[in-house]
Amino acid sequence: MTRVITYGTFDLFHEGHYRLLKRAKELGDYLIVGVTTEKYDMERGKLNVVDSLMTRIENVKKSGFADEVIIEEAVGQKISDVQKYHIDIFAIGSDWMGAFDYISDYCKVVYLERTKNISSTMLREQNRHIQKVGIIGTGRIANRFVPESKQVSGIDVQRVYNPNRDSAEHFAKIWEIDFSTDLELFLKGIDSVYVASPHQTHYDYVKFALEHGKHVLCEKPMVLKKNQSEELFDYARQKNLVLFEGIKTAYCPGFEKLLGIACSGIIGNIHYIDACFTKLEDKNKRELTDMACGGSLTELGSYCLLPIIKLFGNKYEGVRFESIHDNKGLDVFTKVSFRYPKGIATATCGLGVKSEGRLLIAGTKGYIVASAPWWKTTYFEVHYENASQVDKYSERFFGDGLRYEIRDFLNMINGDDKSVFKLTRSESIAMAEIMEKFLEQEKRMDNT
Ligand code: C2G
């Protein structure tokens, strides 16, 4: 008798799960299915699991393929289960390709091809909808988006668009999704779009997607002009669609905690904010070759402007930019200085000059400091006049962190607007306006 084991969350039970269980069962005579507990999912960074453990177990049972259901509640449990249940084959979906090769010391490991384009047909009775997402762009960030999206229950990336067929096809193959080089066709059957193309293409893509009734999550900086930002947000609101600017820091739990502490009064009245993010970049990369939209501020500015705009608002009295340029004229280091009625702030970004990445928020009673990578906040300290008193705060941050903005985007679409305050329309518009002012000073406006 061949004994097979597989594991999963099996939330919002769909065709992908059904087909996986069916094929796993066909591999042998006896199938054991491990269903994850809420606690284990939280520990491994899976967000938004909707169904209770009981419901998920019931759905696995209802499929009719499981001879036995067990609970998966801890990291490292798989190897002991394989031994305990005398397993011959460990089966799992191909989105985990390679991840469980270590089990092959104990039994055969089989990766079953994942099911493309899942829908909500199996969920009718639960009245739930799986968001079908399409990605515009095939670059580094788009490549991070797909695995991160798999950690958020209720969303399925189904298609990618790139006008360049080779790039689109290559990306689609890696992630086992469809591709299209025709924008209209790409949007067919898709509920929402993630825009991860070069900056200067954002406006047109976002507009096109909204015009076709799709919700949009757009990578930062969404646009580099105030009026474009206003127009897109107004249009989305008018059409009752969700439009999110994807500055991942804004949705990161640690950053939320940091803002909460800053606003709590613990450090008194805030009078100074200093945010710095530098990342040495290859001279041949888009960031340092795109003469219209490249450079340090457009690339990294959204992160550094975020805490300033969030804590001090958009009513600054003055803003000043100072840059160091490369021989082509792109800014490799830029410092933005703000003057507010009751405070001053600086945002410093560099692609060609390295500095200490740090976020400092200074008040009348103390200061908050978070070291690099503070834009993926996991740890920060609060210091006071009494140097021996230091409050330490930490928060978990999983993977590349895109999963948090994906979760909030999804929740907004599903009518839970709790996350709207994390990055408001007016904050996004204020950042676009600052970028515009900078590009005006740089005399690059004609090109954007
Ligand atoms: N699956 C699939 N096709 C899909 C979606 C999921 O074949 N479109 C497969 C997954 O690859 C996995 C199983 O269905 O083998 C369960 O998927 P999830 O519920 O998303 O669980 P997962 O997070 O993959 O947990 O310990 C847990 C396991 O490591 C897997």
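Residues are numbered from 1 along each chain as its sequence is written, and side-chain values use heavy atoms, without hydrogens or water. Because the model is predicted, local features need pLDDT of at least 70 and side-chain atom pairs count only at pLDDT 80 or more, while totals for chains, interfaces and linings use all residues.

Let's start with the sheet. Five strands make an open sheet, ordered β3-β2-β1-β4-β5, with parallel pairing; strands are DSSP E runs of at least two residues, helices H or I runs of at least four, numbered from the N terminus, and two strands pair if DSSP finds at least two bridges between them. β3 (68-72) and β5 (108-112) are at the edges with a single partner strand each, so one side of each has no neighbour in the sheet. From one strand to the next, the twist averages 25°.

Now to D290, in the loop between β12 (270-278) and α12 (296-312). Is there a salt bridge for D290, or none? None: D290 is buried, and the nearest side chain of opposite charge, R286, is 4.8 Å away. Here buried means under 20% relative accessible area with a 1.4 Å probe, protein chains only; a salt bridge needs a Lys or Arg side-chain nitrogen within 4 Å of an Asp or Glu carboxyl oxygen, and Lys and Arg count as positive, Asp and Glu as negative, with His and the chain ends not counted.

Leaving aside neighbours within four places in sequence, D290 is in contact (heavy atoms within 4.5 Å) with Q200 and L330.

Technical notes. Buried < 20%, exposed > 50% of the residue type's maximum accessible area, 1.4 Å probe, protein only. Axes fitted to C-alpha atoms, helices over the stretch in contact; angles between N-to-C directions.
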